[in-house]
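The sequence and coordinates are shown first.

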Amino acid sequence: MDTSGFVAAPSGFTSLALSPDGRWLATQPLGLPLAVWDTSSGEMAYILEDFNDAAYTCSRVLFSPDGFSIAAACHGNQIMLWQTVSGEFQRSFQADLAEFITTLDFSPDGAWLAGTGGDGP
């Protein structure tokens with residue numbers, strides 16, 4: 001794989017994920033929006049957009065088992081979903097937690113998406 005197109009994040013990453021087929025890499029650099037990279041070219045495919053800048057501060061990003069969707073646990077206790085190939089925003093869910101979402105995962109068949117987080121005293 002040619003890595004010349006990949007860009008390092010000056011402040012590091014909070015999360016990254018590789019799609020099940022290895023074609024896409026989703027990255028969450030600190031202070032920058034979620035980005036999806038084409039691993040065959042090393043080029044950025046697109047930036048994941050949302051409606052309130054929550055995609056700038058996500059603690060976890062992952063692909064669904066079939067690779068169709070990208071999910072992220074974002075600022076404001078939002079779980080957000082995008083379509084992998086197009087980057088089109090699909091929907092968001094609001095978690096009722098006092099603290100932020102720390103864990104996010106799909107069931108093996110992709111039918112369920114679960115998230116957990118701290119919910120202080």
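Two strands are taken to pair if DSSP finds at least two bridges between them. The model discussed here is predicted. In it, β2 (24-29) and strand β3 (residues 35-38) run antiparallel and are joined by four bridges. Within this pairing, Thr27 has Ala35 of β3 as its bridge partner.

**The open sheet**

The pairing of β2 with β3 belongs to an open sheet of four strands, ordered β1-β2-β3-β4 and paired in antiparallel fashion. β1 (13-18) and β4 (43-47) stand at the edges; each has a single partner strand, so one side of each is left without a neighbour in the sheet. On average, and with direction ignored, neighbouring strands of this sheet are turned by 25° against each other.

**The disulfide**

The count of disulfides comes to one. The link of Cys58 and Cys74 is right-handed, with 80° about the S-S bond. It connects distant parts of the chain: Cys58 lies in strand β5 and Cys74 in strand β6, 16 residues apart.

Ser64 is found in the loop between β5 (58-63) and β6 (69-74). Not counting residues up to four places away in sequence, Ser64 touches Pro20, Ser69 and Phe106.

| Residue | Relative accessible area | State |
|---|---|---|
| Cys58 | 3% | buried |
| Cys74 | 4% | buried |
| Ser64 | 5% | buried |

Cys58, at 3%, counts as buried because the term covers relative accessible areas under 20%.

**The nonpolar cores**

The largest nonpolar core has 16 residues. Those with the most contacts inside this core are Leu34, Val36, Leu48, Val61, Ile70, Ala72 and Trp82. The elements that give two or more residues to it are β2, β5, β6 and β7 (78-83). A second, separate core has eight residues, including Ala71, Ala73, Leu104 and Phe106. Phe106 is also one of the residues that Ser64 touches. In soluble globular proteins, nonpolar side chains tend to be buried together.

Terms used: Residues numbered from 1 in each chain as written. Predicted model: local features only at pLDDT ≥ 70, side-chain atom pairs only at ≥ 80, totals over all residues. Heavy atoms only, no water. Buried < 20%, exposed > 50% of the residue type's maximum accessible area, 1.4 Å probe, protein only. Contact = heavy atoms within 4.5 Å. Core = buried A, V, L, I, M, F, W, Y, C linked by side-chain atoms within 4.5 Å. Disulfide = S-S within 2.5 Å. Axes fitted to C-alpha atoms, helices over the stretch in contact; angles between N-to-C directions.
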